[in-house]
Amino acid sequence: MRKRSPEKRILKSLLDISNFTNFVENPGLILSLLIEKCVLLTEAEWGVIISYDSALSLDDIQVTKVLSDKKKSEMSSLLDKKIKTLVDARGYNAVLTEDLWMKDDTKKIFKGSLGKGVRDILLCPIEKKGRFLDIAIAVNKKSKADFKKIDQKNFSIMCREAAIVVENINLFKEKLNTERMAAIGQTIAGISHYVKNILQGISTGSYLINIGIKEKEISTVKEAWEVVSKNTDRISDLVMDMLYYSREKKPKMQDCEPKALIEDVAQLIRPKAEKKNIKLNVSVKNLPSYICANEKGIHRSILNLLSNAADACDKKNSLINLKAVFAQETGLIKISISDNGKGMSKEDLKRIFQPFYTKAKREGTGLGLAITKKVVEEHNGSIKVDSELGKGTTFEISLPC
Ligand SMILES: Nc1ncnc2c1ncn2[C@@H]1O[C@H](COP(=O)(O)OP(=O)(O)OP(=O)(O)O)[C@@H](O)[C@H]1O
Ligand SMILES: [Mg+2]
């Protein structure tokens, strides 16, 4: 096999390190790949990576050749001692300068710790956020000669690249963690707000029940009891919604009639629409007689979209169009719900599918659209939204059948 030119070899090694980031999330693994690559590139006999945590306690030691555990622990404690002495004497920043590690007297300090038969070594610090945290060591050139200038150069280029890769992984993890914490915070705020409203309702109802009992007015007790009962229903709905949203198992699919299902939902929303003087048009075309679906899930999704549309309508001549059509070419049922209500801003549009995001003044949990999206995706379908502030909104669900 033809040997690659030195430039191609270093390029290939750098590429390998960068590519590794695509499927490895563990900085320790990146470092172990780094030392393997460095050993190949510099034609060394073996190599070591010794890693520290930010408090400079020994974290890990990786050696490319097999050593007994006893030998490894001897070597790591000796190396650790040398590194700590060097850090104490020179400070973190001085230790980061590559020149320091290339000097013969520094090499001499470390050679003894690596055991007998060590002729020459390459040393390079790996810095993270401007701090010394790892040291890479390549031991003995295979040709029995000393390492050359080019070996030194390649070794430090590889260590710098590995530092960037490891730093990127750490930054990505930090970002993920921050986003996760922010999402948990939003969820807790959403639940607390909603539960607080319910408790307020229950406490008002209880207060009225007490008054009714004191005054022996059964009608007051009855009315107040309805308030309490409505609020306990809301708690139970909330818990069911949260369970549905967090549930991992597959929903129950069954044969159902799409036309009947859509007409039934429309019927349910009519009283709310009439109360708000909203005209509701329903058009159902070419739907198959039966589809296999999670009937309850689809029912509640369309009901939520219609209910949101009705909530958004607050002017004269309000209109909601519910259309369902089957397109033979694509094999998709498309259900669209459009309104000429208040519409949404670009900022709102980015957040509406997040659980507990709501702008409803009362009642809304903000789980409606999060669950709707989940139901649609469980059917391998998709949901899209188009909205303009002050003009109206259209949601469109596509379901394969
Ligand atoms: N058609 C629409 N027009 C304007 N805003 C809408 C429309 N649909 C949804 N939204 C906005 O998206 C938010 C989230 O809707 P979602 O259905 O998830 O929750 P909700 O309706 O507030 O409460 P829930 O459905 O849990 O009772 C709504 O509070 C509203 O601000
Ligand atoms: Mg809703």
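**Ground rules.** I am working with a predicted model, where local features need pLDDT of at least 70, side-chain atom pairs count only at pLDDT 80 or more, and totals for chains, interfaces and linings use all residues. Residues are numbered from 1 along each chain as its sequence is written, while chains are lettered from A and ligands numbered from 1 in the order in which they are written.

Helices (H or I, at least four residues) and strands (E, at least two) are DSSP runs, numbered from the N terminus. For the classes, Ala, Val, Leu, Ile, Met, Phe, Trp, Tyr, Cys and Pro count as nonpolar, Asp, Glu, Lys and Arg as charged, and the others, Gly among them, as polar.

**A helix pair.** How do H1 and H2 run relative to each other? The axes of H1 (residues 6-20) and H2 (residues 27-41) come within 10 Å and cross at roughly 170 degrees. Axes here are lines fitted to C-alpha atoms, for helices over the stretch in contact, with angles from 0 to 180 degrees between N-to-C directions. So H1 and H2 are roughly antiparallel to each other (under 35 degrees is roughly parallel, over 145 roughly antiparallel, 65 to 115 roughly perpendicular, the rest oblique). I found Arg9, Ile10 and Phe20 among the H1 residues in the contact, and Ile30, Leu33 and Leu41 among those of H2. By class, this contact has seven nonpolar, one polar and three charged residues.

**The sheet.** Next I traced an open sheet of four strands, in the order S2-S1-S4-S3 with antiparallel pairing (two strands pair if DSSP finds at least two bridges between them). The edges are S2 (58-63) and S3 (121-128), each pairing on one side only. S1 and S2 share five bridges, and Val48 stands opposite Val63 in S2. These two strands form a hairpin with five residues between them, and Leu56 in the turn has a positive phi of about 60 degrees. S3 and S4 (residues 131-141) pair over eight bridges, with Leu122 opposite Ala138 in S4. Helix H3 (residues 69-96) packs on the sheet and touches S1, S2, S3 and S4. Helix H5 (residues 104-111) packs there too, touching S3 and S4.

**The ligand.** Which residues come nearest to ligand 1? I counted 22 residues around ligand 1, and the nearest are Asn308, Ala312, Thr358, Gly364 and Gly368 (near means a C-beta atom, placed from the backbone, within 6 Å). Helix H9 (295-312) and helix H11 (368-378) each give two or more residues to this shell, with H9 giving the most, four. The shell has nine nonpolar, 10 polar and three charged residues.

Notes: Contact = placed C-beta atoms within 7 Å.
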